[in-house]
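Dear colleague,

Please find below the structure that I am handing over to you.

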Amino acid sequence: MPLALWKCRIPVGQWCNPGISRVMNESRTSGRAALAFARTRPELTGLPLGLVGWSEGTTTAMAVAAEEPSVRAVALMAPVVEAPARVAQAQYGRIGKPYLMRFATDGALDADAIARAEAGPGGDLAHIFVRMFRGFGPGERVNPLLDTNHDGRITFTEADPIIASWYADTPDSGLGMSSTARASKGVADAFAATHSRLLILQGLTDSMIDPAAAQAFAARPDVRPRVTLIDYPGFGHSLGTAHSAQEDRLLPVADKPLDDMATLLRKTRR
């Protein structure tokens, strides 16, 4: 690899993990420490410094790049372009609800429909939302928090406002989105504080993040001079194969995005 690189990977789905605030803060500290270490290595003398971030790790890579003017390039794989809280809020509408609707009858899901959705072709994110609808206690066939009229069926009229409240951008939201995740800047907001070349690698069947966000960001006149966007049809959030966003299973990254990353980084070295 032509640059001394540090890589940060934090999946978007971990925003509600109680330990993620600590992980994100430690990742930024680790990024700065990795760059400091690279500067002490004789075999790396003269090499430009670069960062690689994936998913939520792209916000960490951008934060480190803003603090380290010596960073020449940042490769952003499936970047969180908008504010992380906004991205999380959109996931139910983009993936969860459309997937569940495939199994609903008259706009409602009973236990059998939820079981069919669980056995269906949905990917990792789709199944996270399926699990929100199923019962979780003895004798519960559906989630009683969503079955507000207690008829054994969950309509989207019942579920939608409750799930929206769980993803609210507040410390006391139902899913407890971490304060660090809520305060983190997306790539678009962090851009002005950096000076590095940016490479965005974006799968077009990404379940976690809407590819349109990266496309709109890369098209901005103030962004175009130092940002390269490469779209990948048929690749999901992990930049592995995904036939659709609803069926994105976060498979291992394919060779093509890695080859494209290496090509750009070689150009950055010159």
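**Helix packing and aromatic pairs**

Helix α3 (residues 84–101) packs with helix α6 (residues 156–166) at an angle of about 155 degrees, and their axes are 13 Å apart. Angles over 145 degrees count as roughly antiparallel, so α3 is roughly antiparallel to α6. From α3, the residues Y92, K97, L100 and M101 make the contact, and from α6 F156, A159, D160 and I163; contact means heavy atoms within 4.5 Å. Six of these residues are nonpolar, none is polar and two are charged.

The model is predicted: local features need pLDDT of at least 70 and side-chain atom pairs pLDDT 80 or more, whereas totals for chains, interfaces and linings use all residues. Residues are numbered from 1 along each chain as its sequence is written, and side-chain values use heavy atoms, with hydrogens and water left out.

There are five aromatic pairs, counted where ring centres of Phe, Tyr or Trp (its six-membered ring) lie within 6.5 Å; planes under 30 degrees apart are stacked, over 60 edge-to-face and the rest tilted. Y92 and F129 form a tilted pair, 5.6 Å centre to centre with 50 degrees between the planes. Because Y92 lies in helix α3 and F129 in helix α5 (residues 124–133), this pair ties together parts 37 residues apart in sequence. Both Y92 and F129 are buried, that is, under 20% relative accessible area with a 1.4 Å probe, protein chains only.

F133 and F156 also form a tilted pair, at 6.3 Å centre to centre and 55 degrees between the planes. F133 belongs to helix α5 and F156 to helix α6, 23 residues apart. F133 counts as buried because its relative accessibility is 0%; F156, at 7%, is likewise buried.

Yours sincerely

Notes: Axes fitted to C-alpha atoms, helices over the stretch in contact; angles between N-to-C directions. Helix = DSSP H or I, 4+ residues; strand = E, 2+ residues; numbered from the N terminus. Parallel < 35°, antiparallel > 145°, perpendicular 65-115°, else oblique. Nonpolar A, V, L, I, M, F, W, Y, C, P; charged D, E, K, R; others polar. Buried < 20%, exposed > 50% of the residue type's maximum accessible area, 1.4 Å probe, protein only.
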